Amino acid sequence: MPHIAFIGGGNMARSLIGGLIKTGVAGSTISVAEPRADARQDLGREFGVACYAESHLAAANADVVVLAVKPQIMPSLQKEMREVLARQHPMLISIAAGVRLDQLERWFGALPIVRCMPNTPALIGAGATGLCANARVSPPQRAQAQHILAAVGITQWIAEERLMDTVTAISGSGPAYFFAIVEALEDAAVAQGMPRATARALATQTCLGAGRMLTEDGEAPGVLRQRVTSPNGTTQAALDSFAGDDLHRIVARAVAAATRRGEQMAADLDKSL
Ligand SMILES: NC(=O)C1=CN([C@@H]2O[C@H](COP(=O)(O)OP(=O)(O)OC[C@H]3O[C@@H](n4cnc5c(N)ncnc54)[C@H](O)[C@@H]3O)[C@@H](O)[C@H]2O)C=CC1
Ligand SMILES: O=C(O)[C@@H]1CCC=N1
């Protein structure tokens, strides 16, 4: 069993650890570095993992080190981690938005590194993760990285690293877009006089139903859309309204803004050094 160390024990690390434990990974093969004492206590109690306040202690025996801190924190880890990483030579897996493979190599050394982007549905085993590896990652390490992320949902390898910012803009941030649409549907129904609880229940279940049809039916989204749309019916009226407001352009602009923000976050890290 490889030993996995998580640096950062926040939301995403908790999701990944929970997923790994559910797939049968022993808590004793996982360690976590987390500065917040209450989070350390919770993780230890819930999953039986060893928790440390200092990163180099968590990484001491690790074959795989998952970097699960905020992007802005990442460069500050190098001082504490460099020695243990040089000794252990683990595979690094970064889940930080924006942060590029060349930056990770510069901060942490010539290691096998996988940059990936999961999302919060990982919490319930329904995550979507894009992964991208540097040339030092061996085929078994690639499989190992995929195995860790597959514990919390589907995985897709991304050949061109620049597209990792697109992954962030589509699936990393994506859950928030669907939550925003449910909020908007709910508000629209409330504006027409429906009680909020009823509106929320209907909009939420519709989101779940549409998501399940997309994943279980195997049909393209356009085909599923057409099946709802009776000629000259209610759906057609709503879709015409969306088209009039140029929904595709609205979505493309939002995705471009998220992609640019990912690129900008990495550029800011370059400047801050
Ligand atoms: N929240 C999301 O939807 C997604 C987040 N991500 C990425 O995951 C990473 C973590 O995000 P979250 O889990 O949401 O954040 P979070 O804030 O819940 O977790 C980060 C944890 O790192 C800890 N930390 C801070 N300094 C540390 C240090 N020096 N050593 C060890 N731990 C330290 C914090 O106490 C905190 O518990 C970020 O880089 C983010 O870009 C990736 C995909 C989705
Ligand atoms: O908003 C963010 O920056 C992070 C990355 C993807 C989802 N949340």
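Modeller: The protein has twelve helices and eight strands; helices (H or I, at least four residues) and strands (E, at least two) are DSSP runs, numbered from the N terminus. This is a predicted model, in which local features need pLDDT of at least 70 and side-chain atom pairs count only at pLDDT 80 or more, while totals for chains, interfaces and linings use all residues. Residues are numbered from 1 along each chain as its sequence is written, and chains are lettered from A and ligands numbered from 1 in the order in which they are written.

Biologist: What share of the residues count as buried?

Modeller: Of the 273 residues, 33%. Buried is 20 or more other C-beta atoms within 10 Å of a residue's own, exposed is 12 or fewer, and partly exposed is in between, with C-beta atoms placed from the backbone.

Biologist: Where does UniProt put the "binding site"?

Modeller: The unreviewed UniProt entry places it at I7, G8, G9, G10, N11, M12, A68, V69, K70 and P71. These positions are spread over 65 residues of sequence, yet they cluster in space, with a largest C-alpha distance of 14.2 Å. UniProt positions are in the numbering used here, feature names are shortened, and annotations may be inferred rather than shown by experiment.

Biologist: Why does I7 count as buried?

Modeller: Because I7 has 27 C-beta neighbours inside 10 Å. I7 lies in strand β1 (residues 4–7), and the residues it touches, not counting those up to four places away in sequence, include A33, S55, A68 and L77.

Biologist: Switching over, what is around ligand 2?

Modeller: A97, T168, G172 and S173.

Biologist: Last one: Q205, buried or exposed?

Modeller: Q205 counts as exposed, because it has 10 C-beta neighbours inside 10 Å. Q205 is in helix α9 (residues 196–216). V182 is 23 residues from Q205 in sequence and 9.8 Å away, C-alpha to C-alpha.

How values were computed
A residue is near a molecule or strand if its C-beta atom, placed from the backbone, lies within 6 Å of it. Two residues are in contact if their C-beta atoms, placed from the backbone, lie within 7 Å.
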